[in-house]
Amino acid sequence: MREYATQMEAAKKGIVTPEMEAVAAKEYRTPEEIRQWVAEGRVAICANRLHKCLDPNGVGSMLRTKINVNLGVSRDCKDYNVEMQKVMAAVEMGAEAIMDLSSHGDTQPFRRKLTAECPAMIGTVPIYDSVIHYQRDLATLTARDFIEVIRLHAQDGVDFVTLHCGITRRTIDQIRAQKRKMNIVSRGGSLVFAWMSMTGQENPFYEYFDEILDICREYDVTISLGDACRPGCLADASDVCQIEELVRLGELTRRAWAKDVQVMVEGPGHMPMDQIEANMKLQQSLCHGAPFYVLGPIVTDIAPGYDHITAAIGGAMAAAAGAAFLCYVTPAEHLALPNVEDVKQGIMASRIAAHAADIAKKVPHARDADDAMADARRTFDWEKQWECSLDPETARAIRASRAPEQEDSCSMCGKFCAVRSMNKALSGEYIDIL
Ligand code: SF4
């Protein structure tokens, strides 16, 4: 019998849980450091007590930056086994979290399959599932219906749920008055907004927040406070809608922590590069150090087809300035449902961003592989180079497809190879260019 309901409660009571031990070992930190950060809310260990096969990870700005991959059954891809293969491939490629955004059919079997078989943190957005679950139009659903879906997801072993608690009826007037270029682009946020507009009622995720906290406490579900008003274009970035919601998310963070419920806060969005660092600092201050989970930020609006790159640029800057968790973005963003290759490109771009940020913020041992890579490049140890690579398969394939005459160079510069020339020059050897 556990002496605690949630990781946060354990941490506050001075108990180091097996999950904290596991996170400490992965992050080169002491279990006591992890416990302290979980107690303060600066690290979230999303670990539903019913997700038995979970390989726990900590989310916090002082830890390795984590990445999330969105998958799930849809009308166009409704085979559970095919989707599960994609999930496992994503985990293999380095995703620490999978958000199940299933939007078709009976979503429960796939959700249960995930928490029974997948070692990554599993997240969901219960409001997406509400319409599907009840098979009723949004306007006919009640606040109680939404809350019961949260309970269902908690009972199915989901580790974190995105809830758009931060918008209220006041937001309806504000969105109209502000005349944003892109209004609301958060899918969950737009559903909450639409429900409030159609029913005339207050946001149920805000109004019944305490009841939701009780459910999350019972199963140790982390709340990822959704940012309904995240900017959907550069012109809307850092406006009053975004910042006012962030202030409310800070208040809700404190209320959740008072009940020992762990919290992450979701963030932008689309944002010019010169605003990213300030936004990260503002979130840390307004949300009391709770881990920031960013969706991008996408740093230019005019690169459809390449938004894994626009997001990686913003994601690297955001994580270096304090964000803890990056949601992957694929080349298909704004255009279509990602295919397998898009998923791979999205994951690799996010991993590069996360890793680059970890080096900049001096996460313990983050640069070890880079230093080993430099040694392997200098000594032309190609096997070692593949070992150090984020994507060895691609690196190996490129070299094999354009093989050089000699092993101590590549086909880029051939005998003009600077590395080869320097090795020879420094050891007093003759350098034959022609
Ligand atoms: S040939 Fe040029 S690119 Fe290739 S290893 Fe040597 S210096 Fe680097």
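This is a predicted model: local features need pLDDT of at least 70, side-chain atom pairs count only at pLDDT 80 or more; totals for chains, interfaces and linings use all residues.

## The barrel

Next up is the barrel. It is closed and has 8 strands, which follow the order E3-E4-E5-E6-E7-E8-E9-E10 and pair in parallel. Going from one strand to the next, the twist averages 25 degrees.

As background, strands of a sheet pair through backbone hydrogen bonds, and they can do so either parallel or antiparallel.

## A closer look at E8

On one side, E8 is joined by 3 bridges to strand E7 (residues 222-225), and the two run parallel. Here Ser-224 stands opposite Met-264 of E8.

Is E8 mostly covered or mostly open? It is mostly covered, with 5 of its 5 residues buried. In a regular strand, side chains alternate between the two faces of the sheet. For E8, one side holds Val-263, Val-265 and Gly-267, while the other holds Met-264 and Glu-266, and these are all buried.

## Helices lying across the strands

Helix H5 (residues 108-117) lies across strands E4 (97-100) and E5 (121-124), and runs at about 170 degrees to E4. Helix H15 (residues 340-360) does this with strands E3 (66-71) and E10 (325-327), running at about 165 degrees to E3.

## Two helices that pack together

Two packed helices are described by the angle between their axes and the distance between those axes. How do H6 and H7 pack, and at what angle? Helix H6 (residues 126-134) meets helix H7 (residues 143-155) at about 105 degrees, and their axes are 9 Å apart. The two are therefore roughly perpendicular to each other.

From H6, the contact uses Pro-126, Ile-127, Asp-129, Ser-130, His-133 and Tyr-134. From H7, Asp-145, Phe-146, Val-149, Ile-150 and His-153 take part. By class, this contact has 6 nonpolar, 3 polar and 2 charged residues.

Note on methods. Residues are numbered from 1 along each chain as its sequence is written. Axes are lines fitted to C-alpha atoms, for helices over the stretch in contact, and angles run from 0 to 180 degrees between N-to-C directions. Helices (H or I, at least four residues) and strands (E, at least two) are DSSP runs, numbered from the N terminus. Angles under 35 degrees count as roughly parallel, over 145 as roughly antiparallel, 65 to 115 as roughly perpendicular and the rest as oblique. Two residues are in contact if their C-beta atoms, placed from the backbone, lie within 7 Å. Ala, Val, Leu, Ile, Met, Phe, Trp, Tyr, Cys and Pro count as nonpolar, Asp, Glu, Lys and Arg as charged, and the others, Gly among them, as polar. Two strands pair if DSSP finds at least two bridges between them. A residue is buried if 20 or more other C-beta atoms lie within 10 Å of its own, exposed if 12 or fewer, and partly exposed in between; C-beta atoms are placed from the backbone.
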